[in-house]
Amino acid sequence: MSKKNSEYLINRKDNQYEVVIGLEVHAQVLSESKLFSTSATKFGAEPNTQVSLVDAAFPGMLPVINEFCVKQAIKTGIGLNAKINKRSVFDRKNYFYADLPQGYQISQFKDPIVGEGKVILDMPNGQKEVGIERLHLEQDAGKSIHDLDPQNTFVDLNRSGVALMEIVSKPDLRSPDEVNAYIKKLRSIMRYLGTCDGNMQEGSLRADVNVSVRQKGSKEFGTRCEIKNVNSIKFMQMAIEYEANRQVDLIEEGKTIDQETRLFDTKKNETRSMRSKEDAHDYRYFPDPDLLPLEISEKFIEELKNDIPELPDDKKKRFIEEFKLSSYEANILVSDIDTAKYFEEVVAKMGKNKDIKLAVNWITGELFAVLNSKSLEISQSPVSAKNFAILINLIKNGTISGKIAKTVFELMIDGDKDPQKIVEEKGLKQQSDPKALEALIDKIINDNREKAIEYKQGKEKLFGFFVGQAMKVSGGKANPQLINEILKKKL
Amino acid sequence: MSDITKQPLTELVENIKNKKLSSTEVTKAFIDRSEKSEKLNAYITNDFTSALDKSKKFDQKPNFNLKLPGIPMAVKDLFCTKNIKTTAGSKILNNFVPTYESTVTENIWNEGAILLGKLNCDEFAMGSSNETSFFGNVQSPIDKNLVPGGSSGGSASAVAGQLTPVTIGTDTGGSIRQPASFTGIVGLKPTYGSCSRYGIVAFASSLDQAGPMAQNVKDCALLHEVISSYDPKDSTSIDFKRGNYSKELTNNIKGKKIGIPKEYRVDGMPKEIEDLWQKGIQYIKDCGAETIDISLPNTSYALPTYYIVAPAEASSNLARYDGVKYGFRAEGENLIDMYEKTRSEGFGAEVQRRIMIGTYVLSSGYYDAYYLKAQKVRKLIKNDFDEAYKKVDAILTPSTPSSAFKMGEKTNDPVSMYLNDIFTVPVNLAGLPGISIPAGHDSKGYPLGLQIIGKAFDEQNILNIAYAMEEKINFKNKITDWWIK
């Protein structure tokens, strides 16, 4: 495998293979109630406590579309720079399973609510555009639980009827890294829009991955395999890597690839056949006669457009222009909406004489480290943006040194304390009086005569020793810049 | 007062309002007659005890402002009724008791009516003779071993046999109008979207409509007025201005233009049906209306279209009866085995036949040739009517191509059975209202019906035409009470 020029290729003898990947992402719509019923959608509720007669498919029960879910899908479509279809149709996808009460899933087949769009990925070697084929609304199924009883399967219908957006990409992705970036970008956009919480652990975001391989330079697509329902980015990447190599091996052996659906075994780190194309379900799609085609007016779409917040791409552009951030820094700050919010609040609280670069370094350095170690989201940060801004200002105006600031920061974590107060109470204010510092340095030189002579004879390394001594004697409070200046003069 | 059960609905309402009759007396009378009529097998489930309680409660605190004050009524067992077993005529729902009420029946109870029980019908409303019911055949009050028609066979039998003053049925391809025609009563299939489908066991969602069945047009108008309502719980319910159908009923149809479609003169149609139709045309003229020959060129495609669309939807609608959640379950080795056993044992032959037809026409590779094509033809049939209604106000046809037949006569010939619906299915495919009124008898003395088809939402107009014709026809149903010893 080589990653020359950041290209992900699989090498065998004289052949180089390119991997072609397309994703079908299932994103749970963030909504209080289900797509066609008024039951709640909260995660983790007691089994079968969020089930209406409609969700359980009782005789004579009828679906009624939840307008909020429609709005969420349209907003997501706008966020994906996609065409919103003014007329879309709900179809029935027919199959039997114990956790599918109706015996069919209401989905959109021929006429989805959202058409073609695109998302931009920031890859190390530049930007990459990934095409969106479509986004459609559909119902989730319930959950079969096989491990509670040796004989019986239990069914939990809480999830039955919950609204999902299936976002289908074009086969534009070429590496596990791009898949990683794509999923993160989708999640970021939907979290900005508030249309999906993107929580993969809770199953709010899952994906089917279509993988094929072809000789580098070939324009034809190879036969693809679909890997079903992979629920973490890491597993997606592992599954792709395994599957691509499996396919290349088959080609190298002169065998053909069967179009099939495969499952990824996370324990064995391999994909295995679930069903072949011949065994594929015939879902007998047809328009659901219980629902009229969904007609949306231009005005409805326009009103939703006015509701769209600044999205990551625009925010990034603005951060670069307004705050003179690098593309890299801006990316880190905008990728998660809560980080961006925190950052902007810090900027606002810092007031006029602000050091934005310093703030960015502190957010991505100290703050992220603390959040990581405590496994917290930035929205749960133990240090408020306001106090964080004060701390940065204290460094900027020379009240404390960067080193002292780290001590202050650690004290702030416990109960979001005001850094100003900590500095005052602990007497941590920086020593910036030149006369006092000169006296201090005179004493150090005196105490270390021999080293001072050595330094003068050319052992320049010892300069650091004197700085260290000065900081030590001052309890870390001495202004390092002044110490440097005075030492240079005195030595 | 004697012969309470012979009184039409509007008369009973008047008598209760004028305190000439109490709800208890009326309810008791219908219960007594129902109990004497077990031979008809019209009921699947009765709720007599609680009906009597309710009638007593009504009499203690009567509300005469209601449209159906203390009126007892049995309904087709396709309507879900709260805490009362609802079977749809099927073994698979033999033990099913809903915790909810259909909108249509809710509307009826809200106007003061009292449930007598649930009436027999073809399994999942699939049939034209009531012979597919898991609960056995329904006898027609007209003659022994004569089918009452279907699928609302129990409903037709109960009205014609005076076991209930009026009732509601459902009509997917003729299931109200054909049994009404066979038993000499009036049956209305409303415009699609007029009556809510919420809580009605679904057969074919794009065709199903609930509607009234009654002894006369006025009763039919009153009951329709009660059941028709806009319902947000049914996405196909239409929010249009509904009339006071009974109050606005008039026999003045002077100047109305009635279309006579030549395509309804089908091969092999008995002469007595043709004669009946001609008589109908004369009645129309006698009423001061005019008849105009029209053409509905795609009529011959209606039946094949219907027998693609309806089974397709049914195959999907009936997937929920899988033994997992409610209803009948046959235990199996594994999930698939349980499904197969449950559905093989739970559904009757006709239902299984339609599920298979429906599954076939929706299958990949056949979808375009069958389902998609049928949808296109359906549009053409609708266009035929639209075109005709540029020239006429309503259309007159026979209700059925023959009178009622004997039990078992068509059981082994499904195509001949399906032909019963030839005049009624185009109306469902086009979503239009249609009413069948009794118009004469055949040589055996069995009733024959005429159908008046209206424009969408124009129920008032066809009720008026039916009302005017009813007066001229002066039909008398020959009920001999043969089943009562």
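In this predicted model, helices α9(B) and α11(B) are roughly perpendicular to each other, because the angle between them falls in the range from 65 to 115 degrees. The angle at which α9(B) and helix α11 (residues 349-362) of chain B pack is about 100 degrees, and their axes are 7 Å apart. On the side of α9(B), the contact is made by B:Ile308, B:Pro311, B:Ala312, B:Ala314 and B:Ser315. On the side of α11(B), the residues include B:Arg354, B:Ile355, B:Ile357 and B:Gly358. By class, this contact of α9(B) with α11(B) holds eight nonpolar, three polar and one charged residues.

In soluble globular proteins, nonpolar side chains tend to be buried together. The largest nonpolar core has 141 residues, and those that touch the most other members are B:Ile71, B:Met73, B:Met213, B:Ala214, B:Ile452, B:Leu463 and B:Ala466. Helix α9 (residues 302-317) of chain B gives the largest share of this core, nine residues. A second, separate core has 103 residues, among them A:Met350, A:Leu367, A:Ile390 and A:Ile392.

Neighbours within four places in sequence aside, B:Met73 is in contact with residues including B:Ile108, B:Ala113, B:Ile114, B:Leu115 and B:Leu116. Its contacts also include B:Thr164, B:Pro165, B:Val166 and B:Thr167.

A loop residue comes next. B:Leu93 lies in the loop between β2 (72-76) and α4 (103-110) of chain B. B:Leu93 counts as buried because it has 24 C-beta neighbours inside 10 Å, and the cut-off is 20 or more. Although B:Leu93 and B:Tyr321 are 228 residues apart along the chain, their C-alpha atoms are separated by 8.3 Å. Apart from neighbours within four places in sequence, B:Leu93 is in contact with B:Thr86, B:Thr87, B:Ala88 and B:Gly327, and with A:Pro59 of chain A.

The two chains meet through 24 residues of chain A and 33 residues of chain B. On the chain A side, 16 of these residues are nonpolar, four are polar and four are charged.

Chain A has a helix pair of its own to look at. Helix α1 (residues 67-79) and helix α2 (residues 176-193) of chain A have axes that come within 10 Å and cross at roughly 125 degrees. That angle makes α1(A) oblique to α2(A). The crossing is right-handed. A:Lys75, A:Thr76 and A:Gly79 of α1(A) meet A:Ile189, A:Met190 and A:Leu193 of α2(A). This contact has three nonpolar, two polar and one charged residues.

Methods: Residues numbered from 1 in each chain as written. Chains lettered and ligands numbered in written order. Predicted model: local features only at pLDDT ≥ 70, side-chain atom pairs only at ≥ 80, totals over all residues. Axes fitted to C-alpha atoms, helices over the stretch in contact; angles between N-to-C directions. Helix = DSSP H or I, 4+ residues; strand = E, 2+ residues; numbered from the N terminus. Parallel < 35°, antiparallel > 145°, perpendicular 65-115°, else oblique. Left-handed = near helix turned anticlockwise from the far one by under 90°. Contact = placed C-beta atoms within 7 Å. Nonpolar A, V, L, I, M, F, W, Y, C, P; charged D, E, K, R; others polar. Core = buried A, V, L, I, M, F, W, Y, C linked by C-beta atoms within 7 Å. Buried ≥ 20, exposed ≤ 12 C-beta atoms within 10 Å, placed from the backbone.
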